[in-house]
Amino acid sequence: MEDFIVAAVKTVIAFALLFTVVLLLVWIERRIVAFMQNRLGPTRAGPLGILQTLADGMKLLFKESMTPDRVEVWLYLAAPIMALVPAVLIFLVVPIGAPITIGGTEYTLQVTDLNVGVLYVLAMSSMAVYAIALAGWSSGSKYPLLGSVRSAAQMISYEAAMGLALVPVIMFNGTTSLAGIVEAQGATYFGFLPAWNIVLLPSFVVFVIAMFAETNRAPFDLVEAEQEIVGGFHTEYSGFRFALFFLAEYINLFNMSALTVVFFLGGWQGPVFGPTVLQWILPVIYFFAKTFAIVFLFIWVRGTLPRMRYDQLMGFGWKRLIPVSLAWIILAMIAVGIRRFGLPWA
Amino acid sequence: MPPGREPGDRTHGAAHRPLDLDRPTKWIDFRSRKPANGPGGYTERATLVRNQYFGDYTTVAVFLLSGALLVAAAIIVARIVAPRRPSRLKATPYESGIEPIGGGWNQSHIRYYVFALLFLVFDVEAIFIFPWAVSTDYFKSIGNGGLVFFEMFAFVLILILGLVYAIRKGVLRWE
């Protein structure tokens, strides 16, 4: 029973956190992109325009959700839900802080720690393909279909690269649990350099690039290339159904940034000192600081780089990223073998 | 081969690392800085502590249900508060402002299909590598480290050959 209460409380907190973060994220992105383009961005709703996203969400809630007459109704209605739910589910395994002990019981700051965490994350991020492919196909219209076919091909291509990029991480840390991966990064080299997995630099680079493609962000936003295919897969969606896709996109953005931090930047690890309460709060602060640094990278790239052409996109994925990941896996195999066994064949 | 083990004995991952269930649970310190696979590391403690396999997935199910319910509730609220005035013009598929020509489902190019096949190969490959990556220590401990290492080496090499073949064959060209 106590377990159930803990799980319920964690679920509520996780949802609240996720949606608050997304509200902030949309505002942050709009502001930063605006500053990069020498504008101000939203400034009216709330202090500095911080409530703009909430206002937009309310507006979309009160807008008509049109259903065009050529849609496959059930799939059309299910697609936004299928986009949002897996996006939310990824957050389940992300540890946002060091475990805290209250009254002799230890609580992890993570909804649940699956021992197959990495596989779970990859599985959930694959689910996003279904939502986009079905949304585009069930709309019964040309632009969404083109967008969804493009998107499916793009996402599966970069998903393969992403999975391969994570193999050296798992080899180094010896576990697929996200809490375990973060914990294994708590050591230091020479007593002061944090032993984060970013030392696996090729993996990190491949993962970050694949992450841009997985979240359909610039420079890989061909899925919604306005000049070519209007809105892509969500052209025929309006009102709150469109808002759900939008929400899913930003939740994915946050999740992917958080996962980069967990896999490569040491998660919540960082110098901890002071009274117990401070020791609980500091790791959470480190985690969010690192995550928002990655989010800033996302926005920075969006504000700077032009969109890629489709043949460049596919060529880059299959002829650069995947061969590089495979070669790096072999190098990492040798390195791990030597580090752990002396010599791999010993 | 560790002492007390006959050749050909079939054991599971935990067998070489006897579980000491009498140890008090106080020693579980998740903040300890030990490599995951070492003694007292994450993996060992996880095997000991976490017999909550189904508990974990119950949480996943609860999370899934609450997510789906939340979305459903939002959609229902939107349905109640949003106006609904359907018209024939609104219901036409969007085609940049002109009357839609032909059906909505055009044919898409066969090239996409090749990528789906290749994806299957590489993603399944990753699934094979993951279990290997977490159990290198175990294979080492039963004296099979080198063999398993070279098996995976050969496996990855074969896949690289496959990718090279696909590139040379020209299926990844996009003109």
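**Notebook: helices and loops in chains A and B**

I began with helix packing in chain A, where S203(A), F204(A), F207(A), V208(A) and M211(A) of α7(A) touch M256(A), S257(A), T260(A), F263(A) and F264(A) of α9(A). I sorted this contact by class and got 7 nonpolar residues, 3 polar ones and no charged ones. A reminder to myself: this is a predicted model.

Next I looked up how the two helices lie. α7(A) covers residues 201–214 and α9(A) covers residues 239–264; their axes come within 11 Å and cross at roughly 170°. Angles over 145 degrees count as roughly antiparallel, so α7(A) is roughly antiparallel to α9(A).

Then I turned to another partner of α9(A). The axis of α5(A), residues 142–173, comes within 11 Å of the α9(A) axis, and the crossing angle is roughly 30°. The cut-off for roughly parallel is under 35 degrees, so α5(A) runs roughly parallel to α9(A). On the α5(A) side I found M162(A), L166(A) and V169(A), and on the α9(A) side M256(A), F263(A) and F264(A). The class count here is 6 nonpolar, no polar and no charged residues.

I also checked the length of a helix. How far apart should the ends of α4(A) be, given its 22 residues? At 1.5 Å a residue, residues 117–138 should span 32 Å, and the end C-alpha atoms are 32 Å apart, so the two agree. Just after α4(A), I noted that G140(A) has a positive phi of about 60°.

N38(A) is not a glycine, yet its phi is positive, about 65°. I located N38(A) in the loop between α1 (2–36) and α2 (52–61) of chain A. N216(A), also a residue other than glycine, has a positive phi near 55°. Its place is the loop between α7 and α8 (226–229) of chain A.

Are these asparagines buried or exposed? N38(A) has 74% relative accessibility, so it counts as exposed. N216(A) has a relative accessible area of 6%, so it is buried.

Last, I went over to chain B. I counted 5 helices and 0 strands there, and from the N terminus the order reads α-α-α-α-α. Chain B has 175 residues, 33% of which count as buried. Its accessible surface comes to about 11,500 Å², with 65% belonging to carbon and sulfur atoms. Taking the contacts in chain B with a separation of 6 or more, I found that 51% join residues 24 or more positions apart.

Terms used:
Residues numbered from 1 in each chain as written. Chains lettered and ligands numbered in written order. Predicted model: local features only at pLDDT ≥ 70, side-chain atom pairs only at ≥ 80, totals over all residues. Heavy atoms only, no water. Axes fitted to C-alpha atoms, helices over the stretch in contact; angles between N-to-C directions. Helix = DSSP H or I, 4+ residues; strand = E, 2+ residues; numbered from the N terminus. Parallel < 35°, antiparallel > 145°, perpendicular 65-115°, else oblique. Contact = heavy atoms within 4.5 Å. Nonpolar A, V, L, I, M, F, W, Y, C, P; charged D, E, K, R; others polar. Expected span 1.5 Å × (residues − 1). Buried < 20%, exposed > 50% of the residue type's maximum accessible area, 1.4 Å probe, protein only. Areas by Shrake-Rupley, 256 points an atom, 1.4 Å probe, with all protein chains shown as cover.
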